[in-house]
Amino acid sequence: MTRQSHDQFAKEYLEELLTPLGTIKKSEKVKSEVQEIDVWFEPFSSENQEELPLGLLGKMAKTSCLFEPFRNPPSEIEIRSCLLKLYAVHGGIVRKSKRENRTISESELPVLWILTPTFSARMLQGLGANEPEENWCKGIYFLPNILKTVIVVIHQLPINEETLWLRVLGKGGTQKRAVEELTELPEQNPFRENLLVILANWRKNLELRDNLSTDEEEVIMNLSPAYLQQIEEWKQEGKQLGIQEGRQEGRQEGELSLITCLLEARFGTLDAELSSLVEKIAEISISERTQLLLSLANLSRQELVERLRK
């Protein structure tokens, strides 16, 4: 998958989670060359900061920071590009403090958090990264203090509520499990509804592309639980994304489009037999339909046909 597609999703996702805690500077450019910082976050003062269930991400957001999420492990050049942006930001802050005739402490300078699904031991060694510090979990690697940079290896994070929001940015089974956990959050969770919409939109945007890569097909499958959940909630509320509220026809089209896309991702272009199954799948109950669609990766064509006949 292209880095641009994941960037857009990751920006929206992190902004949704961090906005209650502080200020997001969107698409901030650095002056050394035209480069955009993915997410530049400034927390509110401690007395104004809400206590939100963000776990490890909330801990990172206690101080000013930059987030650079990667869909695939960054190369040496990409790591240096992230560092270049960080130090350009530092330079701008220092220059501003001089103009205002005030001193600035190291603690006021943002920390760079590089989020990557995996990362090689060779790269960690080359960067001089250290094992997780006290009070930080596995998968967090601090570069020497003077660099103010931390590598977060998402697939190494422990699987618990504290790491959920970061694991959604992973890949493969890690992302799939995290998305399923997100759909199971209680409805009163302050982030659940909006994040399901963001995930569903990412999946829908991928649907519209031609010649999907293997990675993009995997993302579509990983995001299916969130999309299915949204379809059901839209149905219950009489809403469909991008369609006027209460339009039954629009809801049905959304369901049929989802089922068709999932079948194409699994079996390729649909022939007459497979096309005839789309409406049959849409007619079964939501619980049975969800279970069937989530198990597609393990079903052969014949098994799917037989299962629907029964």
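Rings of Phe, Tyr and Trp (its six-membered ring) pair if their centres lie within 6.5 Å; planes under 30 degrees apart count as stacked, over 60 as edge-to-face and the rest as tilted. By that rule, ring pairs join Phe9, Tyr13 and Trp202 into a cluster. The structure holds 6 aromatic pairs.

This is a predicted model: local features need pLDDT of at least 70, side-chain atom pairs count only at pLDDT 80 or more, and totals for chains, interfaces and linings use all residues. Residues are numbered from 1 along each chain as its sequence is written, and side-chain values use heavy atoms, with hydrogens and water left out.

**Stacked pair**
- Phe9 and Trp202 have ring centres 4.0 Å apart and planes at 10 degrees, so this pair is stacked.
- Phe9 lies in helix α1 (residues 3-18) and Trp202 in helix α7 (residues 192-207), 193 residues apart. Helices are DSSP runs (H or I, at least four residues) and strands likewise (E, at least two), numbered from the N terminus.
- Phe9 and Trp202 are both buried. Buried means under 20% relative accessible area, exposed over 50%, partly exposed in between (1.4 Å probe, protein chains only).

**Edge-to-face pair**
- Trp113 and Phe142 pair edge-to-face, at 6.4 Å centre to centre and 70 degrees between the planes.
- Trp113 is in strand β6 (residues 111-116) and Phe142 in strand β7 (residues 140-142), so the pair ties together parts 29 residues apart in sequence.
- Trp113 is buried at 4% relative accessibility. Phe142 is buried at 11%.

**Charge over a ring**
- The charged end of Lys59 sits over the ring of Trp136, 4.2 Å from its centre. The criterion is NZ of Lys or CZ of Arg within 6 Å of the ring centre and within 35 degrees of the ring normal.
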